[in-house]
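Reader: I would like to go through this structure with you, one site at a time. Could we begin once it is on display?

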Amino acid sequence: MKNPTKVDVLLGLQWGDEGKGKVVDVLTPRYDIVARFQGGPNAGHTLEFDGKKYVLRSIPSGVFQSGSMNIIGNGVVLDPVLFRQEAEALEASGVDIRKKLHLSKKTHLILPTHRLLDAANEKAKGGAKIGTTGKGIGPTYTDKISRNGFRLGDTLLDLENRYIQARDRHIGMLEALGAEIDRDALAENEKAWFDAVKYLHTYDIVDSEHFINKQLNAGKTVLCEGAQGTMLDIDFGSYPFVTSSNTICAGACTGLGVAPNRIGDVFGIFKAYCTRVGSGPFPTELFDETGKLIRDLGHEYGAVTGRERRCGWIDLVALRYAIMLNGVTKLIMMKSDVLDGFDTIKACVAYEINGEQTRDFPYTIEGDNITPVYKELPGWNCPMTQMRSTEEFPENFKAYIEFLEQELNVPIAIVSIGPDRKQTIVRDTALLK
Ligand code: GDP
Ligand code: IMO
Ligand code: MG
């Protein structure tokens with residue numbers, strides 16, 4: 001078995017929604033454990049197989065494959081109410097979720113008032129709002145970092161008092177922001193929250209850092225599933241238009257208690273073009289018919305909020321930066337089929353900033369002084385969704401892959417040509433089980 005004592009990490013290299021859920025599901029048969037290490041129900045990971053579609057929010061995308069154990073790690077923020085909805089939907093579709101999932105004691109909980117704070121913070125920012133998913137992510141991580149957080153393990157010790165303390169502190173903050181608080185709605189949400197915490201207690205709540213390290217020492221294999229994408233990373237993304245966690249590979253170490261020297265392969269996943277949802281700069285964004293066409297062909301609407309995703313050409317400056325930050329060893333290209341009908345495809349190879357060209361990602365991509373420098377490539381103009389091997393690929397698509405590999409200096413191990421499990425072509429034979 002490859003890398004018996006290492007963990008592999010799969011993460012998004014763009015602004016999220018690259019197709020992480022689909023590929024984690026495809027790769028799961030190679031692993032004993034699949035673990036989420038950051039983010040929360042702001043994530044929406046879509047899987048399709050046997051004609052059915054599933055969207056996972058906080059639960060790892062390994063749950064549909066038999067044999068794997070799944071972990072929600074300490075770096076994740078968990079909304080008990082949304083978790084319960086997600087888990088019950090899985091149970092209804094026949095997944096024995098309780099048997100397949102461990103929850104970390106150190107996972108921080110999202111309270112109903114965190115969601116109110118998320119909305120109030122956004123309102124206070126006015127036109128400069130981040131366009132969050134509204135799931136309370138920022139306020140929950142803020143409480144964690146300011147050492148006011150409420151962890152799942154704490155609910156086993158002192159649920160009621162800790163909750164009241166946190167809620168009252170939040171209410172003070174909401175009042176300071178001038179937010180109106182609907183007390184009846186809050187009371188209802190609190191009831192659902194307490195019921196959901198009791199529901200959480202029916203799961204295995206574990207010291208997940210010990211669990212994972214013991215499993216690794218016993219030779220078990222682990223795949224860590226990133227959420228969001230590198231360009232939304234709290235340190236390296238387009239700050240402040242980012243999420244509140246470290247989405248990069250290093251986040252797998254802190255979010256699971258896995259030492260850096262345990263990291264094995266890093267799978268970096270990207271779309272054959274780019275999308276972004278919410279506010280913030282996006283150098284290759286297309287505001288024309290081509291952008292609309294990509295949105296329609298790629299069904300680019302948010303899995304969580306249903307919002308339109310902004311679309312544009314692939315940005316190799318940002319991708320090179322993401323590959324560097326994550327130490328990507330293998331690339332995975334998604335949604336190649338969306339470009340099936342184009343005569344010409346563009347790829348941004350450099351930025352022109354104040355008249356100078358750079359291939360290095362700059363401090364900020366805000367402002368209108370950044371002009372993408374595009375290379376035009378001939379399209380393949382042929383449907384690929386039914387293809388099942390690399391030999392069938394059209395020559396111009398093969399040339400597109402080779403061009404990307406040269407630009408990015410990392411091999412493309414998997415190419416995806418449709419949303420279904422079957423529409424996944426593995427180029428790296430070492431990945432075939
Ligand atoms: P994630 O958040 O990274 O897991 O990605 P999302 O699930 O939010 O968004 C990816 C979307 O693209 C989902 O609707 C998938 O079903 C779909 N998808 C994934 N791979 C492909 C592909 O190769 N081609 C097409 N057309 N759709 C895909
Ligand atoms: P997956 O895992 C795409 C974006 C939001 C917003 C910013 C901050 O499905 O790829 P937050 O609610 O996290 O405070 O919002 O981050 N965002 C995502 N965009 N995919 C996601 O997750 C995202 N999770 C958050 O739109 O711009
Ligand atoms: Mg998504």
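**A conversation about selected sites**

Author: Serine 68 is buried, with a relative accessible area of 4%. Please keep in mind that this is a predicted model.

Reader: Where is serine 68 found?

Author: Serine 68 sits in the loop that runs between β4 (52–56) and β5 (69–72).

Reader: What does the side chain of serine 68 reach?

Author: That side chain reaches the backbone oxygen of glycine 62, at 3.1 Å. Setting aside neighbours within four places in sequence, serine 68 is in contact with Thr28, Tyr31, Asp32, Gly62 and Lys100.

Reader: Let us turn to the metal. Which are the protein donors of the magnesium ion (ligand 3)?

Author: They are Asp17, through OD, and Gly44, through O, and they lie 2.1 to 2.2 Å from the ion. This pair links distant parts of the chain, 27 residues apart. Aspartate 17 is in the loop between β1 (7–12) and α1 (20–27), while glycine 44 is in the loop between β2 (33–36) and β3 (45–49).

Reader: Is glycine 44 buried or exposed?

Author: Glycine 44 counts as buried because its relative accessible area is 11%, under the cut-off of 20%. Aspartate 17, at 23%, is partly exposed.

Reader: Next, the other ligand. How many residues surround ligand 2?

Author: There are 21 residues around ligand 2, and the closest are Asp17, Lys20, His45, Thr133 and Thr243.

Reader: Which distances can you give for side chains and oxygen atoms of ligand 2?

Author: For lysine 20, an N or O atom of the side chain is 2.7 Å from an oxygen atom of ligand 2. The corresponding value for threonine 243 is 2.6 Å, and for arginine 307 it is 2.9 Å. On its own, ligand 2 has 550 Å² of accessible area, of which the protein covers 98%.

Reader: One last residue, please. Where does isoleucine 181 lie?

Author: Isoleucine 181 lies in the loop between α7 (159–176) and α8 (183–200). With a relative accessibility of 18%, isoleucine 181 counts as buried.

Reader: And what does isoleucine 181 touch?

Author: Not counting residues up to four places away in sequence, isoleucine 181 touches Ile171, Leu174, Glu175 and Leu186.

Notes. Residues are numbered from 1 along each chain as its sequence is written. Chains are lettered from A and ligands numbered from 1 in the order in which they are written. This is a predicted model: local features need pLDDT of at least 70, side-chain atom pairs count only at pLDDT 80 or more; totals for chains, interfaces and linings use all residues. Side-chain values use heavy atoms; hydrogens and water are left out. Helices (H or I, at least four residues) and strands (E, at least two) are DSSP runs, numbered from the N terminus. Buried means under 20% relative accessible area, exposed over 50%, partly exposed in between (1.4 Å probe, protein chains only). A polar contact is a pair of N or O atoms within 3.5 Å; within protein, one must be able to donate a hydrogen and the other to accept it, and residues adjacent in sequence count only if both atoms are side-chain atoms. Contact means heavy atoms within 4.5 Å. Donors are N, O and S atoms within 2.8 Å of the metal (3.2 Å for Na, K and Ca); water is not among the atoms, so sites may look incomplete. A residue is near a molecule or strand if one of its heavy atoms lies within 4 Å of it. Accessible areas come from the Shrake-Rupley method with a 1.4 Å probe; for residues, only the protein chains shown count as cover.
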